[in-house]
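Subject: Handover of a structure

Dear colleague,

Please find the structure below, together with its sequence.

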Amino acid sequence: MSAAIDLDNLTVAYERRAAVHHVSGQFAPGSLTAIVGPNGAGKSTLIKAIVGVMKPAQGQVRLGGTNARAIGYLPQAAEIDRGFPISVADTVAMGAWRSIGAWRGVSTGQALQARQALMTVGLEGFEARSVGSLSSGQLQRVLFARLLVQDAPLIVLDEPFTAIDARTTQDLLRLVRTWHGQGRTVIAVLHDLEQVREHFPQTLLLARKSIAWGATADVLSRANLRQARNMAECWSVDSPVCDASGEGRP
């Protein structure tokens with residue numbers, strides 16, 4: 001079975017300074033994977049390379065049978081402009097942008113699909129509300145509803161449960177498990193290791209490079225977590241830099 005995503009010697013850099021350093025591995029089709037690691041480990045950078053927001057400095061990301069337009073991507077909350085004047089209904093309907101196109105309006109069927117998605121995330125009746133009036137948890141429910149409408153086979157979530165209430169987190173985790181049960185490939189950047197152990201069968205432990213990647217119980221060992229922490233403590237603004245050969249230096 002071909003990989004849903006194949007990372008081949010992937011390096012992603014800011015001004016030649018590697019944030020993700022020579023990562024290779026595969027996300028299997030239908031897998032549910034958490035990406036974890038210390039602050040500054042390159043987790044969000046890796047996600048952005050996978051969805052095509054950032055270009056690799058070296059190596060490549062190969063999407064097996066999926067193109068970038070078919071990825072459901074939820075960025076960090078800090079990257080979402082809550083001041084843009086748009087309603088909840090229109091935000092959710094944007095999940096159908098691949099079929100709507102640039103100049104066509106939302107069809108009756110697509111509007112119904114958006115309402116059903118809002119019901120699924122517990123926000124029935126919020127259609128006319130401005131997204132700027134929502135709480136953090138409500139906004140995250142709206143964005144998950146948009147992913148429902150998009151109906152993508154590959155879903156990538158960057159810190160989806162940060163700064164939201166426990167009830168919303170549990171509701172959205174149930175939705176993640178539903179996607180997994182439907183055979184979709186789901187990848188999420190997370191910080192809560194107990195949450196990862198309970199809900200995510202696969203884990204990639206990242207500390208700019210891959211420390212371990214596989215079954216969660218094996219990856220989140222004390223030795224692996226200690227290695228990731230020790231690497232983080234050694235980081236400085238001057239390391240690492242990739243030279244022309246593709247090797248890094250401290």
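H22 is found in strand β2 (residues 17-27); here helices (H or I, at least four residues) and strands (E, at least two) are DSSP runs, numbered from the N terminus. Before going further, please note that this is a predicted model, in which local features need pLDDT of at least 70 and side-chain atom pairs count only at pLDDT 80 or more, while totals for chains, interfaces and linings use all residues. Residues are numbered from 1 along each chain as its sequence is written, and side-chain values use heavy atoms, with hydrogens and water left out.

Two residues deserve a note on their backbone angles. Most residues other than glycine have a negative phi. H22, although not a glycine, has a positive phi of about 50 degrees. Its relative accessibility is 24%, so H22 counts as partly exposed (buried means under 20% relative accessible area, exposed over 50%, and partly exposed in between, with a 1.4 Å probe and protein chains only). E159 is likewise not a glycine and has a positive phi of about 55 degrees. E159 lies in the loop between β6 (154-158) and α6 (166-181), and with a relative accessible area of 17% E159 is buried.

Next comes strand β8. Five of the six residues of β8 (residues 202-207) are buried, so this strand is largely enclosed by the rest of the structure. With strand β9 (residues 209-215), β8 pairs in the antiparallel sense over six bridges, and T203 stands opposite G214 in β9. A hairpin is formed by β8 and β9 with one residue between them, and R208 in the turn has a positive phi of about 70 degrees.

Finally, some totals for the protein chain. The chain contains nine helices and eleven strands. Of its 250 residues, 48% are buried. Among contacts (heavy atoms within 4.5 Å) between residues at least 6 apart in sequence, 70% join residues at least 24 apart. The chain exposes about 12,200 Å², of which carbon and sulfur atoms supply 51%; accessible areas come from the Shrake-Rupley method with a 1.4 Å probe, and for residues only the protein chains shown count as cover.

Methods
Two strands pair if DSSP finds at least two bridges between them.
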